[in-house]
Amino acid sequence: MTMIAIQDSSRSEASAFADLVVDEAVRQAEERGWQAVRLSEVARNLELPMSVVLERFRDMDAVANAWFQRGWRAMLAEKPETFDDWPERVRIEHCLQAWFDTFAAHRRVTVQMLRTKAHLPHPHTWVPLVFDLSRTVQWLREAARLEARYGTRRAQLEEVALTSLFVAALAVWARDTSEGQRKTRHFIDKRLKRGESWMRWVPSGVKGRHKAEAQL
């Protein structure tokens, strides 16, 4: 007897509900700015009880978190069949650009979300932001299928380098009004090419370290 896969309809409906709330919040933010959006007004426009919305989103920061999860999903989306054959630099660029492309249509609002999260008087938002940055870099490494194992010297250097790259590229992207985010793409490509030549000297793991030591 063959088992038939059954879609979890409740989970699917919850995801659709969350997307509905997030999309409405972003729509309102495009009109009046992110800080002016109120969760109660989002619920009212969607004709939803506030109590129902609060079951999923405790505040607007939670809505922003759901928005940024779309970037993670974009990085982790299905890759071309030849993806594993691409150079690491190209794989990183592909995944990183997927994050920026996800928010390109709402760049101004996305930047406003980040600035609100980074507001120093609100440690409940900027402290988690630090961990979200680390998590974003971890997902980037996973999405790009980097081979260095966690804990190795190379993996640690990759995390530092990718964190620096992401933050720097974000600063460029925040002001990038060029067609197709051309300036951001050029910046990422240039930085990755520079980093690629430098990372060639870093062992990828235990075997790589032993080989490098033998050559000295």
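At what angle do the axes of helix 5 (residues 88-103) and helix 8 (residues 153-173) cross, and within what distance do they come?

## Helix 5 and helix 8

In this predicted model, the two axes cross at roughly 40° and come within 12 Å, the axes being lines fitted to C-alpha atoms, for helices over the stretch in contact, with angles running from 0 to 180 degrees between N-to-C directions. Helix 5 and helix 8 are therefore oblique to each other, a class left over once angles under 35 degrees are taken as roughly parallel, over 145 as roughly antiparallel and 65 to 115 as roughly perpendicular. Helix 5 passes helix 8 in a right-handed crossing; a crossing is right-handed if the near helix is turned clockwise from the far one by less than a right angle, and left-handed if anticlockwise.

Helix 5 contributes E88, I92, L96, W99, F100 and F103 to the contact, and helix 8 contributes R154, E158, L162, L165, F166, A169, L170 and W173, where contact means heavy atoms within 4.5 Å. These residues comprise eleven nonpolar, no polar and three charged, with Ala, Val, Leu, Ile, Met, Phe, Trp, Tyr, Cys and Pro counted as nonpolar, Asp, Glu, Lys and Arg as charged, and the others, Gly among them, as polar.

## Helix 4 and helix 6

Helix 4 (residues 60-75) packs against helix 6 at an angle of about 130°, with the axes 11 Å apart. That angle makes helix 4 oblique to helix 6. Helix 4 passes helix 6 in a left-handed crossing. On the helix 4 side D61, A64, N65, W67 and F68 take part, and they meet T110, M113, L114 and K117 of helix 6; by class, this contact has five nonpolar, two polar and two charged residues.

## T110

T110 lies in helix 6 (residues 107-117), helices being DSSP runs (H or I, at least four residues, and for strands E, at least two) numbered from the N terminus. T110 is buried, with a relative accessible area of 0%, on a scale where buried means under 20%, exposed over 50% and partly exposed in between (1.4 Å probe, protein chains only).

Not counting residues up to four places away in sequence, T110 touches W67, F68, F103 and W173.

## Basis of the values

Residues are numbered from 1 along each chain as its sequence is written, and side-chain values use heavy atoms, with hydrogens and water left out. In this predicted model local features need pLDDT of at least 70 and side-chain atom pairs count only at pLDDT 80 or more, whereas totals for chains, interfaces and linings use all residues.
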